[in-house]
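Open your viewer, get your selection tool ready and follow along. We will go from stop to stop, selecting a few residues each time.

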Amino acid sequence: MQNHPSRRSFLALAAATGALASLPSFTASAAPLRSSEPLTSARHQLWWQAPADDGSMITQGLPVGNGRLGALASNDSGRELLLITDATLWTGGLNDTLDSDGQFPYGRADFGSLTLLARLVVEIPDHDLGAVSDYRRALDLDNGVVSASYVRSGVTYRRQIFASRPDDVIVAHFSQDGGGRYTGTLTFEGTHGETGGTAESFAGSFANGLKYGAAVQAYGSGGSVRVSGSHITFTDCRELTVVLSGGTNYAPDAAGFRDPSLDPRALARTKVRTAARHSADSLLRTHAADHRALFGQFDLSLGTSTADQRELDTWARLQARADTGDPDPELEAAYAQFGRYLMIAGSRDSLPMGLQGLWLDGNDPDWMGDYHTDINIQMNYWMSDRLGLSQCFDAFTDYCVDQLPAWQDLTHRLFQDSRNRYRNSTGKVAGWTVAISTNPFGGGGWWWHPAGNAWLCQSLWEHYEFTQSRAHLEKIYPLLKGACEFWEARLLTTTLDDGREVLIADSDWSPEQGPLDAKGITYAQEQVWMLFGNFRTAAAELKRDAGYAGTIGKLRDRLYLPVVSPKTGWLEEWMSPDNLGETTHRHLSPLINLFPGDRIRPDGSTPADIVKGATALLTARGMDSFGWANAWRSLCWSRLKDADKAYQLVVRNLRPSSNGSNGTSPNLFDIYQVEEGRGIFQIEANFGTPAAILEMLLYSRPGHLELLPALPAAWAASGKVTGAGARGGFVVDLSWRDGKPTEARIRSVGGRTTTVAYGGKSRTVTLKPGASVTLKDLAR
């Protein structure tokens, strides 16, 4: 397959093509190479016996996406509805006028919101659901295709919907097995009151200067397809293919993140015309080959489900799992693979995924569908390296790199505002930090989040640990250094009761609870400890800033690190023996160095009282919360090697959501209950839970791999994982039986030496990059 051009390679292409000027978020490219490969069988398939209701698309619609364009499909036999998004279709802007409290405004008019691009409706009046039988729809995870089939008057009708990255279009193909015909109308329209459009395209712009546009083309075999007023009509077609595309003039390298010279509507027309020169089969095969190149990098078996379980559709199977309590290992593995499907569909070349990824059912997503920097965006990407999708992490990296100049500017201009309760008492400011919420235009929302810079850097650094990519390290180095400069200016010296002088973080809030002006919160202390250590390693690896790295190392040695409260027995969240917040709070902020960090380890390297205090705090937080909070709890219990609790929390996230309750919706999206009777889709748990599943099977840090650290009894009989990423620069294939590893293949993707441990025993493995070794009889 031809590589899809990066955002920056687009700009060079735009200069060469003139009228086909490309958009960084909406890429123009030479026609992709056609794939003649046959589709693989759908080994990983989810299926349902009913279409989505138009009013419940966020919980029932099936998602497709190419990393930039996304859609939810209803699959109704007589009325196919697609709700279409573009990752860059944001209102709002830099948002650099603070409120009276020194914090950022946080609303749709100032901070902005992710919004829908378009609605497409295909009406087939004589195919209403009441007139058909044997209805079934499915999501083929292997090939990245949503499909539906049904029988009418003895003819089987089929449709396939997919979002092609190589062709940069969404395709809906309607076919039948002989003798049938399609007659109906197609309506394609924007969602922001656009005027001056046609049945085949529209354009618009926001007050922030962002321009957008979209186009559609339909073609068929037999019969006729023509424009009729504001609709496209099709009559007596044996097959019908609908191709659509759209985008914005969002440009990460342009002033204000927008390029006014770009014409999204013209480019959308070019995209659909180019794609429509090819048959639906050709478009599908090219898309599927591109999708499989990523999806096939990892596989997972957690055991065999029963024949009765396999006969149930996906929604009925989730309900049965909850009702009976019986493990369903194939369903649990499929949930992890669904998360991988969403990652491929939602994170390639364009912006990263925020609270709802690429999928909306309206223009008013809760919390604007933004990027929350105190857990959301980090959890979204915990899975990518662990489950064989390192390439999908690049959207997150590029976002941080592109936003850095704006973040630096806002920090220097606004952080020391006298009204900001989080400003530095030192009077100094340097480097950069962020707000709790960020948007694509450099803007922050809600409150300042001083430790947010360190947590973003921790995620960026962890990707380096997995990949050992020097190019990635060079790209993120300015972020690491700038965050260190911020904290060098922010840290305060205080004297403890024992007379020691230590460095502590200035006034802050332990997300998202407790006092707003606490100094030395554990969350910040642990984050800065990790940041300073990672920067020193990066500077040494790149042979840069030796003097400054030494300065940072000395600061790190003086950092206060949390202790266990003599009152509660918990690891302190604040520099106080008292619990100043909610006992069962959703965030695990003080345990950030249990997961995702590694300072707190139950292997004897961490003082026993700290491990005991962390365990006690995790226990107090409880075993039932929102989906993302359960995923984080599961990951922490895995680190503590408690397989039973880690598994319970995964299963808890598979509970069917009812009337907006926390749990999994019919389309497997995670639902977050905001109030009684109202739940919303938040995507973090769809990624955090697969990460938790993998963490039970493989723990890694640079120089150390541990096999099956928290294998639950439900998966112990037999299983296999292939393509699992391991920090230190390795990929692991692992098989087990009767709860013990039988074989492990360790392949280097840049790592050199590591220990491989199981059951208190370990072996040292030394490899050259690209080489591998297979270990057997590991349980002996």
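Start by selecting R556 and W529: R556 lies over the face of the W529 ring, 3.8 Å from its centre. A charge counts as sitting over a ring when NZ of Lys or CZ of Arg is within 6 Å of the ring centre and within 35 degrees of the ring normal. Next, pick R421 and W447, where R421 lies over the ring face at 4.4 Å from the centre.

Before you move on, note that this is a predicted model, in which local features need pLDDT of at least 70 and side-chain atom pairs count only at pLDDT 80 or more, while totals for chains, interfaces and linings use all residues. Residues are numbered from 1 along each chain as its sequence is written, and side-chain values use heavy atoms, leaving out hydrogens and water.

Rings of Phe, Tyr and Trp (its six-membered ring) pair if their centres lie within 6.5 Å; planes under 30 degrees apart are stacked, over 60 edge-to-face, and the rest tilted. By this rule the model has 38 aromatic pairs. Zoom in on one of them, Y106 and F111, which is edge-to-face with 5.2 Å centre to centre and 65° between the planes.

Is F111 buried or exposed? F111 is buried, at 0% relative accessibility, while Y106 is partly exposed at 24%. Here buried means under 20% relative accessible area, exposed over 50%, and partly exposed in between (1.4 Å probe, protein chains only).

Now select Y381 and F393. Their ring centres are 5.8 Å apart and their planes meet at 85°, so this pair is edge-to-face. Y381 lies in the loop between α8 (376-380) and α9 (382-386), and F393 in the loop between α9 and α10 (394-414), so the pair ties together parts that are 12 residues apart in sequence. Both are buried: Y381 has a relative accessible area of 3% and F393 one of 2%.

For the last stop, switch to a cartoon view. Seven strands form an open antiparallel sheet in the order β2-β3-β4-β5-β10-β14-β13. Helices (H or I, at least four residues) and strands (E, at least two) are DSSP runs, numbered from the N terminus, and two strands pair if DSSP finds at least two bridges between them. The edge strands, β2 (62-65) and β13 (224-228), each pair on one side only. Finish with β10 (182-190) and β14 (231-237), which pair in the antiparallel sense over four bridges. Which residue in β14 is the bridge partner of L186? Select I232 to see that partner.
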